[in-house]
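Hi,

Here is the structure I promised to pass on to you. Have a look at it first, and then read on for what turned up.

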Amino acid sequence: MTARAATAPPPPPGARPRHPQLNAEGKLTHLLTLEGLPAEAIEGILDAAEPFVSIGEREVKKVPLLRGKTIFNLFFESSTRTRTTFEIAAKRLSADVVNLNIGVSSTSKGETLLDTIDNLCAMNADVFVVRHGQSGAPHLIARHLVATGRHHVHVINAGDGRHAHPSQGLLDLYTIRHYKRDFRALSVVIVGDVLHSRVARSLIHGLTTLGAPDVRVVGPATLLPPFVESLGVRPFHDMRAGLDGCDVVVMLRLQSERMRGALLPSSGEYFKHYGLTAEKLARAKPDAIVMHPGPMNRGVEIDSPVADGERSVILPQVTFGIAVRMAVMSTIAGN
Amino acid sequence: MDLAIIDGRLIDPATGLDRRGGLFVRDGRIAAVGEAPAGFAPAATLDARGLVVAPGFVDLSARLREPGLEYKATLESELRAAVAGGVTSLACPPDTDPPLDEPGLVQMLRHRARLLNQAHVYPVGALTQRLAGEALTEMGELADAGCVAFSNADHPLADTQVLLRALQYAQTFGHRVWLRPQDAHLARGGVAHEGVVATRLGLPTVPAIAETVALSTIFALARETGSRVHVARLSSAGGVAMLRAAKAEGLRVTADVGVHHLHLCDVDIGWFDPQARFVPPLRGTRDREALRAALADGTIDAVCSDHAPVDDDAKLLPFAEAEPGATGLELLLPLTLQWARDAGLPLLAALDRITRRPADLLGVDAGTLRVGGPADVCVFDPDEPWRVLPPELSSQGKNSPFAGLEVVGRARWTIVGGHVVHAARR
């Protein structure tokens, strides 16, 4: 044994973080993924969202929970809807909001992702809401903030690659809980492009954590990830069999670029097999609800009469989405 | 200058030697093994009590980043890293900028390396011009300039007709061909092993079939042409099974594995750790165990560091954008010893995979303590624990998944051509 080995310092901080969403006290300090979060943490956010729903119905739609905080919406991938709901949520919490649509051009200008973060930290950012095309980008930012000692700055993942979209997962859970109350007796079916879907992954982790006994995914073999069973779901290729007797149907958006490769032959054939019609929905329970994260492709993954029908809760999802994002931001960064 | 290394444990896999004694060096060559020749009066004596005296290690793949990528590493830094790790001969792949597809580049590289007087550098020439997979390089000229083999580095040939012709042409003149078994189409856009981890993390994949489909093509072409082919960086259990069958059939195929793939698997990606991004990707535990067993039973011939110095900026990116690879020259010895300890193999067998066998694959006079051979020697402490601290590594590449962890086994002295080129600070 050499003296050097005996006196070697411990590994540098941040090299091997423990659960990357928790701070040294075990408190939720970032929201990066629903995977691995305790059920209590998820339920805590859903509970916190309840009173925020009514704030949206008031004359004065503001509470001072984030007064004085600066929130940067950092969108490396364009998204109008998610960015807008985060912006509204932050403003209702009285925060100052700055929207940065960085797109792909910034990388060609030479500034790296972490350079951007360092610059915005120098402007005293409190929260980064990050949308990025690469899986794991928000984790990288969170790790960088820890490594540089900026423990007071928070990251909220607003969608990273195919990996996670935890605030969408939470609003989906909120919607399901609102209409169905108890997760422990539910069959939930997710239909479509699960392979590329961060929405599906986050919802699956949330449902399995909250005890939903039966989660199914439906799609052709080209759009279901290999080993998808390892996430705790049952795969189906036949949509009618997959919908049989379910309580909740979640339709995923089919990106138009999926048609250009060899994943699918055409949107018409996709609709024939996996588009949600009244006829297919008849296989679900009579009181089953229909959800969609938006924006919808009518006639591709969902038929208009179903999207606008009485079992559709697609618009309430949007309303709940703002309340849930208020709950996320106030839980993580509240005064 | 005469040099004596005394009282060490001499191990030479090429001759089966494993005994206590001295090693005596004269005029850059090994003059005697065991007892000193009559009248031998060394100018310097190294006391190797408690240490192993072995042939300097031979590494089948170490990127030196010259020419063109000096911001990542230089010959100075990487050859210092080589001898600090006990590596006295190394092959460098052609994926430089420009690639090693011109004799002049190869001559310059060898000239620069010779002036530094550290480890011997054996360039691997580009198999196709610009590594573009279309037109063959002037293999004869490149071999004359010093290339010991030809490969397309990490740019597998998509065009099987080009591959067939490359094998036929190389065979005509007896050139060695090294191929990375990866189907270009199945691997397109992938960054992680297709398995539970990639599914969870939503990472695009390089499935194991990208390797087995490529191997079936390579072995079919080897069978057709009778070519000798070396398969570089095997990564999957399926690939190991195919290699075993190909050898049993009598095909003239050999293979190596990167040392990180003996110890890590896709689970080590954790939460998107770019230090665990490799090409080929770290695969599942079943694959890792198959690689370890195949190296132990000789199906896989050699282990290499697959040294890839990467600057920090290139690692501080989202997983899929981060540059693959890790620094490896200074970890080849301890990670190989760790594998052998786990497998219950003696030191002789462990050193075999980083001395005699890779030297045979390169076709160079190295990797043995034969009397009369070049005095390229590593004297190491097989039991010395040390912590991998990136700032203390000689390599300009500080990135390693083993950073902060303790490993066992470290070079004390490295001798090249009879000269002590590395002496560990004590």
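Let's begin with overall size. For 335 residues, a compact globule would have a radius of gyration near 20 Å, and chain A comes out at 21 Å, so the two agree. Please keep in mind that this is a predicted model. The C-alpha trace of chain A spans about 70 × 60 × 40 Å along its principal axes. Of its 335 residues, 56% count as buried. Chain A exposes about 13800 Å², and 54% of that is supplied by carbon and sulfur atoms.

Next, the fold. Chain A has 13 helices and nine strands. If you take the contacts between residues at least 6 apart in sequence, 77% of them join residues at least 24 apart.

Now for a sheet you can find on your screen. Four strands of chain A form an open sheet in the order β2-β1-β3-β4, with parallel pairing. At its edges are β2 (96-101) and β4 (154-160) of chain A, each of which pairs on one side only. On average, neighbouring strands in this sheet are turned by 15 degrees against each other, ignoring direction.

Zoom in on strand β3 (residues 127-132) of chain A: five parallel bridges link it with β4(A). Here V127(A) stands opposite H154(A) in β4(A).

Which strands does helix α6 of chain A touch? Helix α6 (residues 137-147) packs on the sheet against β3 and β4 of chain A, and its direction makes about 165 degrees with that of β4(A). Helix α13 (residues 314-333) of chain A lies across β1 (70-75), β3 and β4, running at about 150 degrees to β4(A).

Enjoy exploring!

Methods:
Residues are numbered from 1 along each chain as its sequence is written. Chains are lettered from A and ligands numbered from 1 in the order in which they are written. This is a predicted model: local features need pLDDT of at least 70, side-chain atom pairs count only at pLDDT 80 or more; totals for chains, interfaces and linings use all residues. Side-chain values use heavy atoms; hydrogens and water are left out. Two strands pair if DSSP finds at least two bridges between them. Helices (H or I, at least four residues) and strands (E, at least two) are DSSP runs, numbered from the N terminus. Axes are lines fitted to C-alpha atoms, for helices over the stretch in contact, and angles run from 0 to 180 degrees between N-to-C directions. Contact means heavy atoms within 4.5 Å. The radius of gyration is taken over C-alpha atoms; the globule rule is 2.2 Å times the number of residues to the power 0.38. Buried means under 20% relative accessible area, exposed over 50%, partly exposed in between (1.4 Å probe, protein chains only). Accessible areas come from the Shrake-Rupley method with a 1.4 Å probe; for residues, only the protein chains shown count as cover.
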